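Hello,

Here is the structure I promised to pass on to you. Have a look at it first, and then read on for what turned up in it.

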Amino acid sequence: MEGHIEKRGKGSWTVVIDQGRNAISNKRKRIYRSVTGPKREAEKVMTELLYQLQTGTYIDPTNITVGEYFVQWLTTYVDQNLSSKSIRSYSMEVENHVIPGLGMIPLTKLSPLHLQNYYTKKLTSGRKDGHGGLSPRTLNYHHRIIREALKHACR
């Protein structure tokens, strides 16, 4: 795999990573990323993309759903950086509530309205046994988990 940087304008760059050719159609497969700032920033983005492609951790952001991202986030970030008790707690909340509530939405299409609807639904009828909603404290815990995961997604 090769990559190069193209200048678009003043302080604007395009990182192009060539992934070879499609075996069936023989068309070139490329990844494009726009970067604003100095050229060094574009070089960092290119290096990171090449590393992700070589290690197999690259996921095309246009095709991933919220549920798929949360599963990946749990395994790549949470499992390595938190205590075992926190890992169990995060995993339980994500698998029982967040993924069933938001999992089918494409990550790039997730909006504040989706999150507000999720929180409202969980307050009124969010318990797994079907008898009422979640407490505001539990909902705040969900919000902290979602916010942390989405902060990593933005990076």
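Beyond its neighbours within four places in sequence, S12 is in contact with E6, K7, V35, T36 and G37. This residue belongs to strand β2, which covers residues 12–21. S12 counts as buried because its relative accessibility is 11%, and the cut-off for buried is under 20%. Please keep in mind throughout that this is a predicted model.

Now for the overall picture. The protein has five helices and three strands, and along the sequence they follow the pattern β-β-β-α-α-α-α-α. Its C-alpha trace spans about 55 × 40 × 30 Å along the principal axes. The radius of gyration is 19 Å, whereas a compact globule of 155 residues would have one near 15 Å. Of the 155 residues, 32% count as buried. The protein exposes about 10300 Å², and carbon and sulfur atoms supply 52% of that area. If you take the contacts between residues at least 6 apart in sequence, 49% of them join residues at least 24 apart.

Where does α2 bend? The bend is at L74, by about 35 degrees. L74 is also one of the buried residues of this helix, together with V66, G67, Y69, F70, W73 and V78. The cover over the buried residues of α2 includes α3 and α5.

Helix α5 takes up residues 136–154. Its 19 residues should span 27 Å at 1.5 Å a residue, and with 26 Å between the end C-alpha atoms the helix agrees with that. The buried residues here are L139, Y141, H142, I145, I146, E148, A149, L150 and H152.

Is I87 buried or exposed? It counts as buried, because its relative accessibility is 17% and the cut-off is under 20%. Setting aside neighbours within four places in sequence, I87 is in contact with V78, D79 and L82. V78 is itself among the buried residues of α2. I87 and T75 are twelve residues apart in sequence, and their C-alpha atoms are 9.5 Å apart in space.

Last come the charged pairs. Side chains of opposite charge can pair when their charged atoms come close. How many salt bridges does the structure hold? There are three.

- D18 and R28 meet through their side chains, at 3.4 Å from N to O. The pair links distant parts of the chain, with D18 in strand β2 and R28 in strand β3 (residues 28–36), ten residues apart. D18 is partly exposed at 22% relative accessible area, and R28 is partly exposed at 47%.
- R127 and D129 form another salt bridge, with the closest N and O atoms 2.5 Å apart. D129 is partly exposed at 44%, and R127 counts as partly exposed at 38%.
- E148 and K151 also pair, with 3.4 Å between the closest N and O atoms. They are three residues apart in helix α5, so about one helical turn separates them. K151 counts as partly exposed at 41% relative accessibility, while E148 is among the buried residues of α5.

Terms used: Residues numbered from 1 in each chain as written. Predicted model: local features only at pLDDT ≥ 70, side-chain atom pairs only at ≥ 80, totals over all residues. Heavy atoms only, no water. Buried < 20%, exposed > 50% of the residue type's maximum accessible area, 1.4 Å probe, protein only. Contact = heavy atoms within 4.5 Å. Bend = angle between axes of the 7 residues up to and from the residue. Helix = DSSP H or I, 4+ residues; strand = E, 2+ residues; numbered from the N terminus. Expected span 1.5 Å × (residues − 1). Rg over C-alpha atoms; globule rule 2.2 N^0.38 Å. Areas by Shrake-Rupley, 256 points an atom, 1.4 Å probe, with all protein chains shown as cover. Salt bridge = Lys/Arg side-chain N within 4 Å of Asp/Glu carboxyl O.
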